[in-house]
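Look it over, then read on.

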Amino acid sequence: MKVAFATCDQVHINSHFGSAQKIDVYEVSKEGYNFSNTLEFDDNLKEDGNEDKLVPKIEALSDCTLVYVSAIGGSAAARLIRKKITPVKAQSDEEEITAILDKLVKTLNGNPPPWLRKVIQQEEEKFSYAGLEEEDE
């Protein structure tokens, strides 16, 4: 599954979703994680209630399962959830991306909480449907 992190320094989860200029994306599985890419946004991103700025971010995250943020507005969170992307608020701006990734891998290999099991199941369904579509062509 793909997991995104709103970050200013590419080390910590320290950016508000709406004003994040960088969002790092990682591939996460039971075997571990790998950096995928950095999404960069340079439009007017001030936290001003401008909902239009969210559209490119939400579209860019369409293949992500989780997005970790330091803060997120209710409207943005609702829009992500409608796209089946779960926003997760970091416990502090000092929380490191790699620490969260390590926890996720450990959780995937253990007993994931119900919300994460549901996310994993949705991911598996996406892949099985994608495989069926390719076979039909």
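Q: Is Gln10 buried, partly exposed or exposed?
A: This is a predicted model, in which local features need pLDDT of at least 70, side-chain atom pairs count only at pLDDT 80 or more, and totals for chains, interfaces and linings use all residues. Residues are numbered from 1 along each chain as its sequence is written, and side-chain values use heavy atoms, with hydrogens and water left out. Buried means under 20% relative accessible area, exposed over 50%, and partly exposed in between (1.4 Å probe, protein chains only). Gln10 has a relative accessible area of 34%, so the class is partly exposed.

Q: Where is Gln10 placed?
A: Helices (H or I, at least four residues) and strands (E, at least two) are DSSP runs, numbered from the N terminus. By that numbering, Gln10 belongs to the loop between β1 and β2.

Q: What is the phi of Gln10?
A: Most residues other than glycine have a negative phi. Gln10 is not a glycine, yet its phi is positive, near 60°.

Q: What is the phi of Lys84, and is Lys84 buried or exposed?
A: Lys84 lies in the loop between α2 (74-82) and β5. Its relative accessibility is 56%, so Lys84 counts as exposed. Lys84 is not a glycine either, and its phi is positive, about 65°.

Q: What is the strand order of the open sheet?
A: Strands of a sheet pair through backbone hydrogen bonds, either parallel or antiparallel. Two strands count as paired if DSSP finds at least two bridges between them. Here five strands form an open sheet with mixed pairing, in the order β3-β2-β1-β4-β5.

Q: Which are the edge strands?
A: An edge strand pairs on one side only. That picks out β3 (32-40) and β5 (86-89).

Q: How many bridges join strand β1 to strand β4?
A: Strand β1 covers residues 2-6 and strand β4 residues 66-69. Phe5 stands opposite Tyr68 in β4. The two strands run parallel, and the bridges joining them number three.

Q: Which strands does helix α3 touch?
A: Contact means heavy atoms within 4.5 Å. Axes are lines fitted to C-alpha atoms, for helices over the stretch in contact, and angles run from 0 to 180 degrees between N-to-C directions. Helix α3 (residues 97-109) makes about 25° with the direction of β2 (22-29). It packs on the sheet and touches β1, β2, β3 and β4.

Q: How many aromatic pairs does a search of the whole structure find?
A: Rings of Phe, Tyr and Trp (its six-membered ring) pair if their centres lie within 6.5 Å; planes under 30 degrees apart count as stacked, over 60 as edge-to-face and the rest as tilted. The search finds four.

Q: Why is the pair of Tyr26 and Tyr33 edge-to-face?
A: Tyr26 is buried at 11% relative accessible area, while Tyr33 is partly exposed at 26%. Their ring centres are 6.2 Å apart. The pair is edge-to-face because the planes stand at 75°.

Q: Which residues do ring pairs link into a cluster?
A: Tyr26 also pairs with Phe35, edge-to-face, with centres 5.4 Å apart and planes at 80°. The cluster is Phe5, Tyr26, Tyr33, Phe35 and Tyr68.

Q: How many disulfides does the structure hold?
A: A disulfide is a pair of cysteine sulfur atoms within 2.5 Å. Cys8 is exposed at 54% relative accessible area, whereas Cys64 is buried at 2%. The number of disulfides is zero.
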